[in-house]
There are 2 protein chains.
Amino acid sequence: MRMPSVQVVEIGCFEFREMPVQPPGDDEVLIRVEVTGLCRTDLKIIRVGHRDLVLPRVPGEEVVGTVEALGRRVQGLALGERVYVYPGVWCGRCPACRAGAENLCREMQIMGFHRDGGFGPYVTVPAKSVMPLPDGLATDEAVLAEPLSCVLNALELGRLQPGEHLGIWGAGPAGTLLARAGRALGARTQNMEPDRRRRDLIGGLETAGEACFDVAVVAVGDKGAYREALAHLAPRGRLVVFSGLSPADDQPAVSFNQLHYQEQTLVGAYGCCYRHGQAALAMIAEARVPVRDMISHRLPLAKLDEALRLVETRAGMKILLDPWQKETTS
Amino acid sequence: MRMPSVQVVEIGCFEFREMPVQPPGDDEVLIRVEVTGLCRTDLKIIRVGHRDLVLPRVPGEEVVGTVEALGRRVQGLALGERVYVYPGVWCGRCPACRAGAENLCREMQIMGFHRDGGFGPYVTVPAKSVMPLPDGLATDEAVLAEPLSCVLNALELGRLQPGEHLGIWGAGPAGTLLARAGRALGARTQNMEPDRRRRDLIGGLETAGEACFDVAVVAVGDKGAYREALAHLAPRGRLVVFSGLSPADDQPAVSFNQLHYQEQTLVGAYGCCYRHGQAALAMIAEARVPVRDMISHRLPLAKLDEALRLVETRAGMKILLDPWQKETTS
């Protein structure tokens, strides 16, 4: 029996469908999906849509798998090799690509957004998006390279320096990775969590209090968190706009005079570049950013509904989905 | 007869007063003011006040003069030497000073704001704020080192790179210096001028049209200019908040989702550091940034009222004031 994929046909719901396996094109690789990560963006994609979503779509932008088949021109990869997939496909020619910001490529195709992703047993991707896993890195841990890549991009754009004070709004998977990556880069870190349930779950979280941050990152889609982060920014501090906001809340009040007199920065961060994926895999493999304890659930893909509820209620941390695991009655 | 100074006793007006000449302290220098520049900030100081203004005050933060007397411990300066005065006095110990951003010093004292400035025949300043003029640099031209310093700070914070496209809102003295400094740094530049009178005066100014700027600098205190600049920012573009806004207009609408998806930056710039003064003097002396043609008026300080009207109506470009020039009937 063929394993089904998850397909979003219209915003608000999804269905399980058996999809044909696409043989890889000349420069492509067919990947057997071993595990795929679920993140809040997937919830958004399914429930309310996303700027970059093109329907119908198999979601899933966090994929680790094994090489199942190789295109005619592909070199340097072996069948059965374990790989992580950088979720973007970029043109390499536009101004953003030439400036080393392929995440802003004019023709960017994101796996799970513009092209089918990992919520199914197989996914076909360009060979240049594929990175072999470092030896000894567990497959499940490697999935966190995707959110960690986005975190590394955010800290790079926030120009975080060793010794600086990093304030993070949110203590979910992204907020936790931001704190761990920040410490790996030599910063002191502090998480604030606006959500009471998650705050109670995690415990020991501080409030911003009198703190003054050199870099602040907002990892919750909450206008109030942005307002608070702006109020706790040091002179020359950088606030990273890491989380999008719902259209109704898209314009938090910003005092331009505050930015002016304090020479503060607001800087957006969206997604990640290929090099961030490489850096993230290395940081996880070398345990500079430990992630194993962040995996709270590993569920069959067939239980996506339950997994989405866990994300929605912030009842879990990182949730992994396995398209091959049989659904068992629990 | 002693020459009078301009003193602001209460916001809204100024008076001419004969002030005692302060003999320099051990680490200070008494400067005979040869010429002082008038800028829009002086108009603001006198008419509506300013965050950093402490009354009563002799304004004037753009000063070129000659050394009239030296404090006991001062070395490396000669009587009669022509000097430019960096308008800030900084502590050297606070986090901002240690980070090379003394313009944000916690104890910053700005000449003409916190301490008396150059709208009078003499001014007493710390020796460490004083820079001898490069040989051959005209006294009147050297005054423009102050606004040019602020421009260099803004372009540094905007991280302008050679070959980039720089959009400047405003074509007054600051806007003109931004364009010339931008070109000296290898950028392509374009000025937009919201003020119809100045636009007619200068001629040949473009509108932003379809332009997309890597760096945009708003050099007019106009909320609409900020809105327009945001709409013409390239992916990863940087908008420099160079001009303060009146409190009622202090919060132009900013789409955080735009910053997020385009990885754009809003960054404030305020004043300048000592090193910007040195760089500005060199750029003017070497004619990398020509300024002579920007001096539209040279008036006796006694005609400050007339000079302020010229600033207010944007009828002139750079206006210089001479505290020693006799008021002549015109």
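In the predicted model, chain A and chain B bury about 3,400 Å² between them, 57% of it on carbon and sulfur atoms, where buried area is the accessible area (1.4 Å probe) that two parts lose on being put together, summed over both. Of the area that chain A buries against chain B, 24% is supplied by Phe256(A), His260(A) and Tyr261(A), more than by any other three residues. Contact, defined as heavy atoms within 4.5 Å, involves 37 residues of chain A and 37 residues of chain B.

Between the two chains there are 23 residue pairs in polar contact, with both residues at pLDDT 80 or more; such a contact is a pair of N or O atoms within 3.5 Å, of which, within protein, one must be able to donate a hydrogen and the other to accept it, residues adjacent in sequence counting only if both atoms are side-chain atoms. The count of salt bridges between chain A and chain B is zero, the criterion being a side-chain nitrogen of Lys or Arg within 4 Å of a carboxyl oxygen of Asp or Glu.

On the side of chain A that touches chain B, α4 (145–157), β13 (233–241), α8 (256–262) and β14 (265–268) each supply at least two residues, and the largest share, six residues, comes from α8(A). Helices (H or I, at least four residues) and strands (E, at least two) are DSSP runs, numbered from the N terminus.

Strand β14(A) is joined by three bridges to β14 (residues 265–268) of chain B, and the two run antiparallel; Thr265(A) stands opposite Val267(B). Strands are taken to pair if DSSP finds at least two bridges between them.

Residues are numbered from 1 along each chain as its sequence is written, and chains are lettered from A in the order in which they are written. Because the model is predicted, local features need pLDDT of at least 70 and side-chain atom pairs count only at pLDDT 80 or more, whereas totals for chains, interfaces and linings use all residues, and side-chain values use heavy atoms, with hydrogens and water left out.
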